[in-house]
Amino acid sequence: MRFLGNIEAKVDAKGRSFLPAAFRKVLQASGEESLVMRMDPHQKCIVLYPESVWNAEMDAMESRLGRWDRTEQQIYRQFVSMVELVTLDGNGRFLVPRRYLQMAGIGQNVRFIGVRNTIEMWDVAELENQFVEPAEFSELFGKMMSEKEKNISE
């Protein structure tokens, strides 16, 4: 399952937004009914995981954790305590809790971006601050890909 697109939308006064139709189609085609919402641990955005993707991520994370390592268990507990189960209504809308909107700095204008098998939800202005100029992007992307290619061939 891959989500593609960069789609602008709105958040209404009650904190509801429409999940873009392109993303709903991917969910439906994959037989997904629910999403898991969580703040990104590195960026100022909300991440929506299809429930099966979230479960696979949790299985992978749990396999790396020391069951009896107190610090790892605390970090894991904090990570999973910040999630919400999301169900779309008949119109494709979902409620974003106020605390998530505040943490992500999301106002009325929001942008949904498909990133691999998740959907990111950004404030439009905040997202623009995350992107680099086209010339710099080209240089960085080329360098990143050539380094990955070099590592694969070694």
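Predicted model: local features only at pLDDT ≥ 70, side-chain atom pairs only at ≥ 80, totals over all residues.

Q: Is strand 4 buried or exposed?
A: Strand 4 (residues 46–50) has five of its five residues buried, so the rest of the structure largely encloses it. Buried here means under 20% relative accessible area, with exposed over 50% and partly exposed in between (1.4 Å probe, protein chains only). Strands are DSSP E runs of at least two residues and helices are H or I runs of at least four, numbered from the N terminus.

Q: Which way do the side chains of strand 4 point?
A: Ile 46, Leu 48 and Pro 50 point one way, Val 47 and Tyr 49 the other, and all are buried. In a regular strand, side chains alternate between the two faces of the sheet.

Q: Which strands does strand 4 pair with?
A: Strand 3 (residues 34–39) pairs with strand 4 in the antiparallel sense over five bridges; pairing takes at least two DSSP bridges between the strands. Strand 8 (residues 118–123) also pairs antiparallel with strand 4, over three bridges.

Q: Which residues stand opposite each other there?
A: Val 36 is opposite Tyr 49, and on the strand 8 side Met 121 is opposite Ile 46.

Q: And how many residues sit between strands 3 and 4?
A: Six, and the two strands form a hairpin.

Q: Switching to charges, what's up with Asp 123?
A: Asp 123 is in strand 8. Asp 123 is buried yet has no salt bridge, and the nearest side chain of opposite charge, Lys 44, is 7.9 Å away. A salt bridge needs a side-chain nitrogen of Lys or Arg within 4 Å of a carboxyl oxygen of Asp or Glu.

Q: What is Asp 123 in contact with, then?
A: Leaving aside neighbours within four places in sequence, Asp 123 is in contact with Ala 104, Gly 105, Ile 106, Gly 107 and Asn 109. Contact means heavy atoms within 4.5 Å.

Q: Zooming out, how many helices and strands are there?
A: Six helices and eight strands. Buried residues make up 34% of the 154 residues in the chain.

Q: What about contacts along the chain?
A: Of those between residues at least 6 apart in sequence, 61% join residues at least 24 apart.

Notes
Residues numbered from 1 in each chain as written. Heavy atoms only, no water. Lys, Arg positive; Asp, Glu negative; His and termini not counted.
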